[in-house]
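Me: Please take a close look at a single part of this model, the ligand site. I would like one connected description, with the cut-offs stated.

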Amino acid sequence: MGTLIHGGTVVTATDTYDADILIEGETVVTIGKNLDKGKHEVIDASGAFVFPGGIDPHTHFDMPFGGTVTADDFETGTRGAAMGGTTTVVDFALHTRGDSLQNALDKWKEKASGKAVIDYAFHLTIADGRDETMAEIPKMIAAGVNSFKVFMAYKHVLYVDDETIFKTLQVCRDAGGLVQVHAENGDVIEVITKQALAEGKTEPKWHALTRPVECEGEATHRAIRLAEIAGAPLYVVHVSSAMAADAISDGRKRGLPVYGETCPQYLVCDFTDYERPNFEGAKYVLSPPIREKWNQGVLLRKLKNMELHSFGSDHCSFNLCGQKELGKNDFSKIPNGAPTAEDRLAILWQVGVNSGLMSPNQFVALCSTNPAKFFGLFPRKGTIAAGSDADILVWDPKKKRTISAKTHHMNVDNNVFEGMTVEGRPRYVFSRGKMVADGDKFTGAKGAGKHQKSARYFPVSV
Ligand code: URP
Ligand code: ZN
Ligand code: ZN
């Protein structure tokens, strides 16, 4: 006996058609019209779209950062993601300067194993350019990690210099890895931050004002030029501004394999959110910062025109109470990040598809198929096909809900989309054939998620 998803409209990155889907065990086995109901469990998908489950290419669960540890671990973070329609996350395993990449990977595997409710894969960060670290990159690719993040920001913490970035690009080019870059000029931010604090500027809004958009524009341009010299592909994470997105468009006009990711917070939040009273602006302290409102439309149009290629949450949750409060008297001590994994799909559906700008196919490409391709999970994940994992999202395009920290499924006391009403939400979510969400109800199990090895990076045409 299998599970028959009946009466829905199947949407992949390329196709839209009415069909039933038969799942046996963990896998899609048949897709066809009016499939025999037999003894199968029948799931009603009438009036709904049937998408491949979302792939969130950017999460931080159980991560030490800013003098504390993220509020969501792999259990609560993946639970929230699953309730929003995501069936695989790619999380960042943090390398520590002087230590091995293998240790970082082992540590993050341990954090996820027995906890994650949906499948997960890993990126590795690169904390130093030692010969030992560079020599380990091909070994990590063989072990199932195909992407390596370098930070141009967070001076004295995660920051690495151009020499390290350039070496990483060269090694990844030869070994089948994809370099991801956090592009903000960390040196300049360090100087401006110290000056602002010395002048008594301590409120949350100074987080954004000390990280001007030019810092992101310059670093994005520099990273692309470094990749160009190295002859390596580059994926720019969490693009927040038109200026950075334009640098990516310019690189692509020169024929470079450079790709951009943006995130829901940059499409609906804006600089004025930092000015909320009672320290509420601290919710929006994340990096790169939230920009002036006019950037939102530019980013959205670039997603639509495939000048940005991937939609990640950059989920990195901290409670206002007890965690964001660490920076009550000094914005630079507010832990950076926001809880966004649960609402990632709903936000893009609302501002991208419901607005009439984007097709459901583009939505699938950005939220699932392209991330699966970049991070070596396609076609096992990121599409609906006979033989692919039965990671399926039955999406009700007409159901409305209002986002709130009171009702979300993440383990955190705030939500940067609080009060926003969205039309479109999961009716059912399946992870390798098992239902993990039935409307509002979580039906999955702690520890059911499995580690997914990424295949080596293969040039992606998007
Ligand atoms: O503020 C953010 N984005 N926190 C997570 C760490 C990062 O830079 O991605
Ligand atoms: Zn980053
Ligand atoms: Zn991040």
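Reply: The largest cavity is the space that ligand 1 takes up (a cavity is a set of points, on a 1 Å grid over the protein atoms alone, where a 1.4 Å probe fits but cannot get out; a molecule sits in it if more than half of its atoms lie within 2 Å of its grid points). The model is predicted: local features need pLDDT of at least 70, side-chain atom pairs count only at pLDDT 80 or more, and totals for chains, interfaces and linings use all residues. Residues are numbered from 1 along each chain as its sequence is written, chains are lettered from A and ligands numbered from 1 in the order written, and side-chain values use heavy atoms, without hydrogens and water.

Around ligand 1 there are 14 residues, and Lys149, Tyr154, His182, Ser287 and Asp314 are the closest (a heavy atom within 4 Å). This shell consists of seven polar, five nonpolar and two charged residues (Ala, Val, Leu, Ile, Met, Phe, Trp, Tyr, Cys and Pro are nonpolar, Asp, Glu, Lys and Arg charged, the others, Gly among them, polar).

Polar contacts are N or O pairs within 3.5 Å. The side chain of Tyr154 has an N or O atom 2.7 Å from an oxygen of ligand 1, and a polar side-chain atom of His58 is 3.4 Å from an oxygen of the ligand. Asp314 has a side-chain N or O atom 2.7 Å from a nitrogen of ligand 1. Of the 270 Å² of accessible area that ligand 1 has on its own, the protein covers 99% (Shrake-Rupley, 1.4 Å probe).

Donors are N, O and S atoms within 2.8 Å of the metal (3.2 Å for Na, K and Ca); water is absent, so sites may look incomplete. The ideal tetrahedral angle is 109.5 degrees.

The zinc ion (ligand 2) lies 4.0 Å from the zinc ion (ligand 3). Lys149 (NZ), His182 (ND1) and His238 (NE2) coordinate the zinc ion (ligand 2) at 2.1 to 2.3 Å, with the spacing K-x32-H-x55-H along the chain.

Key
A polar contact is a pair of N or O atoms within 3.5 Å; within protein, one must be able to donate a hydrogen and the other to accept it, and residues adjacent in sequence count only if both atoms are side-chain atoms. On a 1 Å grid over the protein atoms alone, a cavity is a set of points where a 1.4 Å probe fits but cannot get out, and a pocket is an open set with protein on both sides within 12 Å along at least five of seven lines; lining residues have an atom within 4 Å of a point.
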